[in-house]
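Work through the exercises below with the sequence and the model open. Each task is followed by a solution in steps.

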Amino acid sequence: MDIFFSPARRGLVAGGLAALALTGTLALGGCGNGGTAPSSPTGQASGSARPATLAAATGSARISVTGTGTVTGTPNQLVLNMGVQVNGPSVGSALASADDAVSRVTAALRDRGVAAADIQTSGLSIWPNYPDSSQVPSSYSVSESLTATLKSVRAAGAQINAAVHAGGNATTVSGISLNLTDDSSLLAAARARAVADAEAKAAQYAKALGEPLGPVVSITDQAPAQPLPQFAMSGAAAAGKSVPISPGTQQLSVSINAVFMA
């Protein structure tokens, strides 16, 4: 929490104090000429200079705080990273087998409602396999991978199961991620909570200072954090009719910096 006075306000306070001292001098001079103007115990004249000075000093204070708002939502999208890996006596035969397997996987996903635009090739690797103490390869391995965006978490289990069985023993699954993409209403709620949190903190500081909380001067929004948990699985785990998917929950958090008058 920061409280500060601007240079312009410091000048106003200094000017007010000078005017206060001058008023006290004039009051004392009046008494010497027979006047009846009363003076304070400290030698300062009564009047409006002191309250004006206090108002100027009080009006220039600022309270800067950070507010945080957190909400919870259920992931609505699953991203699947999978592929196939095969061996063959030659590069050509291994590549042909891998192409056939990945085509079956893609067709299975399409048959289960995954759009073609949501299936993307993400990798291709070919390497020779050497027997012990030999510089001549005995076979070749080919790995092809793809990324599929499954936009319905409810249907994702059956889609994964179909893809895994279509690839057969050549199937590999490197992982999945559950994403919270439909977050507009959640972010609005998190921002409202962040503002309320900042206002509550500023009010506490103002109360501790014995001053009422003034209006907000500025609010700076920070980027929301969106954790994306990763879950690993193997092809063997998809032996049933549908792979069990538990989306759980994810948190969205928004932080703001707010400055209030005090």
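**Exercise 1.** Which residues does Thr74 touch, not counting residues up to four places away in sequence?

Solution. This is a predicted model. Begin with the location: Thr74 sits in the loop between strand S1 (62–73) and strand S2 (77–88). Next, list the contacts, taking heavy atoms within 4.5 Å as the criterion. With residues up to four places away left out, Thr74 touches Leu180, Pro247, Gly248 and Thr249. Last, classify the residue. Thr74 has 48% relative accessibility and counts as partly exposed, because that class lies between the limits of 20% and 50%.

**Exercise 2.** Find what the contacts and the element order say about the protein as a whole.

Solution. Count the elements: there are five helices and eight strands. Then read them along the sequence, which gives α-α-β-β-α-β-β-α-β-α-β-β-β. For the contacts, take those between residues at least 6 apart in sequence; 83% of them join residues at least 24 apart. For burial, 32% of the 262 residues are buried. The protein exposes about 14,500 Å², and carbon and sulfur atoms supply 56% of that area.

**Exercise 3.** Locate salt bridges and state which parts of the chain they join.

- Step 1. Asp100 pairs with Arg104, with the closest N and O atoms 2.3 Å apart. Both residues lie in helix H3, four residues apart, or about one turn of the helix. Asp100 is partly exposed at 43% relative accessibility, and Arg104 is partly exposed at 36%.
- Step 2. The side chains of Asp118 and Lys151 form a salt bridge at 3.7 Å, N to O. Asp118 is in the loop between H3 and S3 and Lys151 is in the loop between S4 and helix H4 (153–167), so this pair ties together parts 33 residues apart in sequence. Asp118 counts as buried, with 16% relative accessibility, whereas Lys151 counts as exposed, with 57%.
- Step 3. Arg191 and Asp221 meet through their side chains at 3.8 Å, N to O, in a salt bridge. Arg191 belongs to helix H5 (residues 184–209) and Asp221 to strand S6 (residues 216–221), so the pair links parts 30 residues apart in sequence. Arg191 is partly exposed at 38% relative accessibility; Asp221 is partly exposed at 43%.

**Exercise 4.** Which residues form a nonpolar patch on the surface?

Solution. The patch consists of Val91, Leu124 and Ile126, with about 250 Å² of accessible area together. Now place one of its members: Val91 is found in helix H3 (residues 91–111). Then check its exposure against the cut-off. Val91 has a relative accessible area of 34% and is partly exposed; patch residues need over 30%.

Definitions and conventions:
Residues numbered from 1 in each chain as written. Predicted model: local features only at pLDDT ≥ 70, side-chain atom pairs only at ≥ 80, totals over all residues. Heavy atoms only, no water. Patch = residues over 30% accessible without salt bridge, like charges linked within 9 Å, V, L, I, M, F, W, Y side chains within 5 Å. Areas by Shrake-Rupley, 256 points an atom, 1.4 Å probe, with all protein chains shown as cover. Salt bridge = Lys/Arg side-chain N within 4 Å of Asp/Glu carboxyl O. Helix = DSSP H or I, 4+ residues; strand = E, 2+ residues; numbered from the N terminus. Buried < 20%, exposed > 50% of the residue type's maximum accessible area, 1.4 Å probe, protein only.
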